[in-house]
Amino acid sequence: MSNPHTTDIEQPLASPAPTSSPERNAVRRFLLWTGAKPIPLLACIAIGVIFRFAVPKPSSVSHQAWQLLAIFLATIAGLVLGPLPIGSWAFVCLTVTVVTKTLTFAAAIAGFTNQVIWLVVASFFFSRGFMKSGLGDRIALYFVKVLGKSTLGLAYGLALCELLICPAVPSTTARAGGAFLPLIKSMAAAADSRPWEASAKKLGAYLVQSQLQCSGNSSAMFLTAAGQNLLCIQLAKSLGVNVPNQWITWFKAACLPALISLSASPFILFKLFPPEIKETPDAPVLARQKLEQMGPIKRNEWLMIGTMLLTVALWISGNCCLCFCSRITFTLSNKEKTQSVRRQALNMATVVAAMLGLSILLLLGVLDWDDCLSEKTAWDTLIWFGVLVGMASQLTTLGIVSWISDGVARFLKSLSLGWPASFFILQAAYFLVHYLFASQTAHVAALYSAFLGMQLAAKVPGLLAALALAYNTNLFGALTHYSSAQSVVYCGEWWFHDRVLSDQISTASSF
């Protein structure tokens, strides 16, 4: 209460809030650090410096190779610790290799000419066309309409849909974020199942976990279903393991285990992580309503279908000879006649087929160049992927991979292990070490060549070792909530009320 003996005029005025001077604000802005995170940055630098100068260099390894290995380890540490966004950190490390004269400029940027890198970039543009045209949503809604009467049927419908479109959309992340997560969110919302809440267990958490696990199997089934698959083939080739007729060989080896796993995963998860809602009679109705809103298949969807069928056909047949030169001799009325057949080999690389498909989409207006320019993830991937591939290739050239593989092979031989035991030990180690990685592609670039080299030195058949490592690369993408970009897309919505439980389920399902 105010003092009754004082007037309003006599009341002391409140002191005005202190205001910062322009000079003080300028100092604050100057001192505000917006660069690399100091602790992760110092940790990455320490790893590289300690390895370079404190770890004794083997006599069989050159100074250049040892220095590049130190920079490479610092680069990989940066991918895990994240002092900078992955693209900018890769660029910094690329600059270090040139400034320290570890590599020439030409050798440092040689990775950007790798065909696989440009195929991965093109896959992002394909995915944008698939989603922009509405074709991805339409296909997913058709499966929900047919199979979505129960929660388990809904999970199988989504898994089958991804299996259908994955050969033509070579990005697991794009399929997750562009098609399946929006669809799952809408169906979950209709069932009052929401992220961040306990109600996620009604429907959304199960569907997200099932789709995440199944996506790894779909990506492992087709060579062109994920960008890291083609990187594995490229790295295997650099070590002398050539995969004949790549698309067909990959599919023949992967189809049976992938189909078995796809058939089992939704059911196993249904038992391990059961949804509270078992029947979803509203899902087909919701899908039917959305299909009616979309109307008949539009021009751009038909163009997308035709272009993708052509591209996939070229991917399948590109390494086969469409025609060949031959000389046919036959006998007719005791007279030999010779007929020469002039044909030409197709011999089209996978990346060339992708470039042709993308060019068609641009010419027909399904995509425009602004769509490509706005696909920031594609250009970011081009930078860091090119740096990692270039470093990994140079490590192989300089003999680091062979030095590591020979050492591990001698150790395994001292244990009197045959190649089957060595195969299983190294495959398990390659799989489990992914707990330290947040990217499948980074894992491949860092470790695929080394583990393949170890198995080759242990006398494991080259084709078996190369393909098994490549298949495991897809499977450990669902190992944790951070183990791949698609895991981040799905789990970033925090559908899992119990995050630890979700990781345990991911691990069990992957194995």
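**Exercise 1.** Is N245 buried, partly exposed or exposed, going by its relative accessibility?

*Solution.* This is a predicted model, where local features need pLDDT of at least 70, side-chain atom pairs count only at pLDDT 80 or more, and totals for chains, interfaces and linings use all residues. Numbering runs from 1 along each chain as its sequence is written, and side-chain values use heavy atoms, with hydrogens and water left out.

Step one: get the cut-offs, which are under 20% relative accessible area for buried, over 50% for exposed and in between for partly exposed (1.4 Å probe, protein chains only). Step two: N245 has 29% relative accessibility, so N245 counts as partly exposed.

**Exercise 2.** Find where N245 and S416 sit, and check their phi angles.

*Solution.* Start with the backbone rule: most residues other than glycine have a negative phi. N245 has a positive phi near 45 degrees, and its place is the loop between α11 and α12 (246-272). S416 isn't a glycine either, yet its phi is about 60 degrees. Look for S416 in the loop between α18 (400-414) and α19 (419-432). With a relative accessible area of 67%, S416 is exposed.

**Exercise 3.** Work out which helix gives the most to the lining of the largest pocket.

Terms used: Helix = DSSP H or I, 4+ residues; strand = E, 2+ residues; numbered from the N terminus.
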